Amino acid sequence: MAVSRRANFVTGPRLLAPADLQVLGDGKVTFEEDVTCGQNVRIFADGREIRIGARAWLGDNAQIRASVGANSIVASDSVVVEDTPANFIVSGSPAKHIWDIC
Amino acid sequence: MLTSSAPIFHVTHWKAGSQWVHDVLNAAAPGRVVRPTGDVSFFAKHRVSDGEIYSPLYDAYDRFRAAVSADRPQRTFAVIRDARDTAVSWYFSLRYSHTTRDQAVKEPREVLSRLSKDDGLAMIIASHLRTAVWIQQTWLESGVKVFRYEDFRQRQYETFDELFDYCAIHLPERKRRRIIDKNSFERKTWWRFGFESWRSHLRKGQAGDWKNHFNERHKQLFKSHYGDILVRAGYETDNNW
């Protein structure tokens with residue numbers, strides 16, 4: 001895992017992420033419990049706080065530039081630029097809501 | 001008093017061989033099997049009658065008990081399946097095999113078509129599986145007779161014999177065998193010819209197929225949502241699978 005020296009990085013229990021996870025920028029990044037990341041996920045926290053909610057699923061090659069709510073799924077290759085509420089599935093670049101997890 | 005004409009209720013969750021068990025019961029007790037429209041709201045319009053077999057009902061124990069009193073003589077059994085295999089089966093059904101005439105299939109299929117297989121399976125674990133696990137959990141705690149789908153697959157004669165005995169469906173041995181053979185899983189699927197069709201509704205039905213599809217992330221997602229359900233259901237001895 002590569003974490004920018006300027007980033008304030010906090011992880012909850014059981015973060016499951018491969019070694020190529022990158023946390024970039026100077027903002028605070030918080031992973032709540034049981035977050036899982038696919039290959040080549042990048043979190044960009046330039047000048048802002050990003051929170052990844054409990055049990056969130058970040059797909060391969062996802063770029064995260066905003067917070068992701070608990071239980072949400074970010075599809076592979078998506079770029080999240082707006083905060084995603086809990087229990088959403090988002091996909092695309094920029095990532096759009098495609099399904100409610102209920 | 002529990003007589004052989006007491007109504008029989010086959011309760012279950014989705015992807016636990018409900019069509020298969022329904023077909024066997026229908027062949028073993030022709031004319032008696034009633035197919036409810038899904039959950040127990042069916043009984044708001046249909047009076048429970050002696051002799052009838054309601055198969056399958058997809059609902060939780062408390063909701064079932066609110067619709068069918070425990071005081072009434074009855075034979076109720078639940079069929080459950082390993083929730084991991086349930087998730088895999090559900091993914092392939094929604095992605096490929098179920099008809100899209102049903103809106104409940106059409107919309108998730110559209111979503112699944114936009115997701116990778118790994119992301120799609122995560123979606124099923126996080127969403128669809130919730131209700132199935134809840135239903136399963138309520139029946140495990142209910143004290144009602146529980147059959148496991150895997151036993152029907154692995155020991156079909158013994159398990160269906162046990163089911164017939166439990167339901168007081170008395171048939172000669174040869175007839176039982178004939179019914180089970182005629183409705184066997186292998187007869188209803190193509191894969192026995194060495195061809196696994198993802199588009200076949202019944203697909204493989206193989207116990208433990210989840211091992212071919214779950215990665216470490218799916219395992220963690222499952223555990224974080226459902227805790228020790230597999231231990232409680234007898235599929236694992238601990239949570240370190």
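Predicted model: local features only at pLDDT ≥ 70, side-chain atom pairs only at ≥ 80, totals over all residues.
1. Strand E4 (residues 28-31) of chain A runs parallel to E7(A), and 3 bridges join them. Thr30(A) has Arg51(A) in E7(A) as its bridge partner. Strands of a sheet pair through backbone hydrogen bonds, either parallel or antiparallel.

2. Now the contact between the chains. Chain A brings 17 residues to it, and chain B brings 15. On chain A's side, strand E12 (88-91) and strand E13 (96-100) each supply at least two residues. That side of chain A divides into 9 nonpolar, 5 polar and 3 charged residues.

3. Chain B is assigned two domains. Domain 1 covers 8-82 + 135-188, and domain 2 covers 83-132 + 190-232. The C-alpha centres of these two domains of chain B lie 23 Å apart. Their contact takes 16 residues from domain 1 and 15 residues from domain 2.

4. Which helices of chain B supply at least two residues each to the side of domain 1 that touches domain 2? They are helix H6 (128-140), helix H7 (149-154) and helix H10 (185-188). H6(B) gives the largest share of that side, 4 residues. The residues on this side of domain 1 of chain B divide into 5 nonpolar, 4 polar and 7 charged.

How values were computed
Residues numbered from 1 in each chain as written. Chains lettered and ligands numbered in written order. Pairing = 2+ DSSP bridges. Contact = placed C-beta atoms within 7 Å. Nonpolar A, V, L, I, M, F, W, Y, C, P; charged D, E, K, R; others polar. Domains from an automatic or database assignment.
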